[in-house]
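Me: I would like to go through this model label by label. For each term, give me the value and the cut-off.

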Amino acid sequence: LNRSVRLTQGRFLNWESARQQHLIVLGNPAINIWTHENIPRPNFVFVENGIRNTAPLPGEAAMYTTMPDAAGHSLIDYGVISMSSSASGSRVLVLAGREVAGTHGAGDFFANPEKMRAAYEKLKATHPRGPFPSSWEVLIRVNVGENIPVDTTLVACHAHNATP
């Protein structure tokens, strides 16, 4: 896209300058305090054993629970891909999972045009005569094998008002 990119860990990020830049954040809000404090309250909320859907649409569950194996590693994780605006107006893309495999799965899903097409079509359908929603969330299920995402599936999409 002919844009410069700077990669850094959150602990090295200057939060004042971050408010003035578009960001891609990896990991759930529990490990990214800036995200927790600077983006709108999400619909898909990370909880101890999965993802809570605070406003389920018809056909959606209120809770999506991870499934651990005997050693406590996830066989099923969930990831969230969200786009929103910070209070300063910068765009923030978050790729997050309940665990590392879920974050990895969210990144894999987002980078796969075929998988994202289904999410795009569902989100676009929420505003059929208007522009594509500027703030949205996508919930995905991540099947995990040996702590690596093996497959990702679209679970739900929610479009939001553009206000942070």
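Me: Where is Ile148 found?
Reply: Ile148 is found in strand 9. Strands here are DSSP runs of E with at least two residues, helices are runs of H or I with at least four, and both are numbered from the N terminus. This is a predicted model: local features need pLDDT of at least 70, side-chain atom pairs count only at pLDDT 80 or more, and totals for chains, interfaces and linings use all residues. Residues are numbered from 1 along each chain as its sequence is written, and side-chain values use heavy atoms, with hydrogens and water left out.

Me: Why is Ile148 called partly exposed?
Reply: Its relative accessible area is 48%. Buried means under 20%, exposed over 50%, and partly exposed in between (1.4 Å probe, protein chains only). So Ile148 counts as partly exposed.

Me: How far apart are Ile148 and Val100 in sequence and in space?
Reply: They are 48 residues apart in sequence and 8.6 Å apart in space, C-alpha to C-alpha.

Me: What makes Lys115 and Asp151 a salt bridge?
Reply: The distance from N to O is 3.2 Å. The definition asks for a side-chain nitrogen of Lys or Arg within 4 Å of a carboxyl oxygen of Asp or Glu, so the pair qualifies. Lys115 lies in helix 4 (residues 113-125) and Asp151 in strand 9 (residues 148-160), so the pair ties together parts 36 residues apart in sequence. A search of the whole structure finds one salt bridge.

Me: Why do Lys115 and Asp151 count as partly exposed?
Reply: Lys115 has a relative accessible area of 25%. Asp151 is at 36%. Each therefore counts as partly exposed.

Me: How do you know what span is expected of helix 4?
Reply: The expected span is 1.5 Å times one less than the number of residues. Helix 4 has 13 residues, and 18 Å is expected. From first C-alpha to last, helix 4 reaches 18 Å, close to that value.

Me: Which residues of helix 4 are buried, and which are exposed?
Reply: Met116, Ala119 and Leu123 are buried. They cover an arc of only 60° around the axis, which puts them on the same side of helix 4. The arc is that of the directions from the helix axis to the C-beta atoms. On the other side, Glu114 and Ala125 are exposed.

Me: What do the buried residues of helix 4 pack against?
Reply: They pack against strand 6 (74-85), helix 3 (100-110), strand 8 (135-145) and strand 9. Contact means heavy atoms within 4.5 Å.

Me: Why is the pair of Tyr64 and Tyr78 called tilted?
Reply: The ring centres are 5.6 Å apart and the planes are at 55°. Rings of Phe, Tyr and Trp (its six-membered ring) pair if their centres lie within 6.5 Å; planes under 30 degrees apart are stacked, over 60 edge-to-face, the rest tilted. So the pair is tilted. Tyr64 is in strand 4 (residues 63-65) and Tyr78 in strand 6, 14 residues apart. Tyr64 and Tyr78 are buried.

Me: What makes Tyr120 and Phe132 stacked?
Reply: Their ring centres are 4.8 Å apart and their planes are at 10°, so the pair is stacked. Tyr120 lies in helix 4 and Phe132 in the loop between helix 4 and strand 8. At 44% relative accessibility, Tyr120 counts as partly exposed. Phe132, at 29%, is partly exposed too.
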